[in-house]
Amino acid sequence: MTDDTTSLPDDAQDDALPQADAPRRTAVVAEDESLIRMDIVETLTEAGFDVIAAVGDGEAAVAKARELRPDIVVMDVKMPQMDGVTAAERIGEDNLAPVVMLTAFSQAELVERARDAGAMAYVVKPFTPADLLPAIEIAISRYQQITQLESEIADLGERFETRKRVDRAKGLLQTNMGLSEPEAFRWIQKTSMDRRLTMREVADAVVDQLGGPKD
């Protein structure tokens, strides 16, 4: 490595702390069962989200996501007009928002369909706020990471390789420095900006220093 080798500071966790007084994040809820829909809205509101739309079918969910560009869409799999997997696919194709899928069914095939459609997280009913809220945070974090990486790299093949290397570096930071996944990504992102390096270069430096193979 050259003199630009990325060092791992002792206070890496401090770089990743969330800023106070952040604006309320927005959410769209799509669930055809009204009582469950109301429960989700209440859970999100109490957690500090501004629920800007609550609808009962997949077509309406896609329309609201296009119109309002929320920070998160929480959506049931089984809905009229358009099922949640198809709706998640439409939302993902247009890069509108991260999606958390809800379902009463836990079959592996349905989980894979939801992931293939672009869902960032998956929660099986019945669920509690303790199940839903962490899934939402994971979905938002992963969506932000993917958006940041894709804005940095135009070529599709390079995007995939960079995401793979950044994921490897995040895992090493989590294991060796006790960071959470969002904190690890934030450290890579901040170091990239501070050192004027690409996130892929920072990720490779992390892998080099912490002993994991790049390939």
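Let's start at glutamate 31, which is buried, at a relative accessible area of 0% (buried means under 20% relative accessible area with a 1.4 Å probe, protein chains only). Keep in mind that this is a predicted model, where local features need pLDDT of at least 70 and side-chain atom pairs count only at pLDDT 80 or more, while totals for chains, interfaces and linings use all residues. Residues are numbered from 1 along each chain as its sequence is written, and side-chain values use heavy atoms, with hydrogens and water left out.

Glutamate 31 sits in the loop between S1 and helix H2 (34–46); helices (H or I, at least four residues) and strands (E, at least two) are DSSP runs, numbered from the N terminus. Its side chain makes a polar contact of 2.9 Å with that of lysine 125, that is, a pair of N or O atoms within 3.5 Å, one able to donate a hydrogen and the other to accept it; residues adjacent in sequence count only if both atoms are side-chain atoms.

Now hop to aspartate 76, in strand S3. Aspartate 76 is buried too, with a relative accessible area of 3%. Leaving aside neighbours within four places in sequence, its contacts include Glu31, Asp32, Thr103 and Lys125, contact being heavy atoms within 4.5 Å.

Then there's helix H3 (residues 58–68), whose buried residues are Gly58, Ala61, Val62 and Ala65. Viewed down the H3 axis, they fall within an arc of 95 degrees, so they line one face of the helix (the arc is that of the directions from the helix axis to the C-beta atoms). They pack against strands S1, S2 and S3 and helix H4.

Definitions and conventions. Buried means under 20% relative accessible area, exposed over 50%, partly exposed in between (1.4 Å probe, protein chains only).
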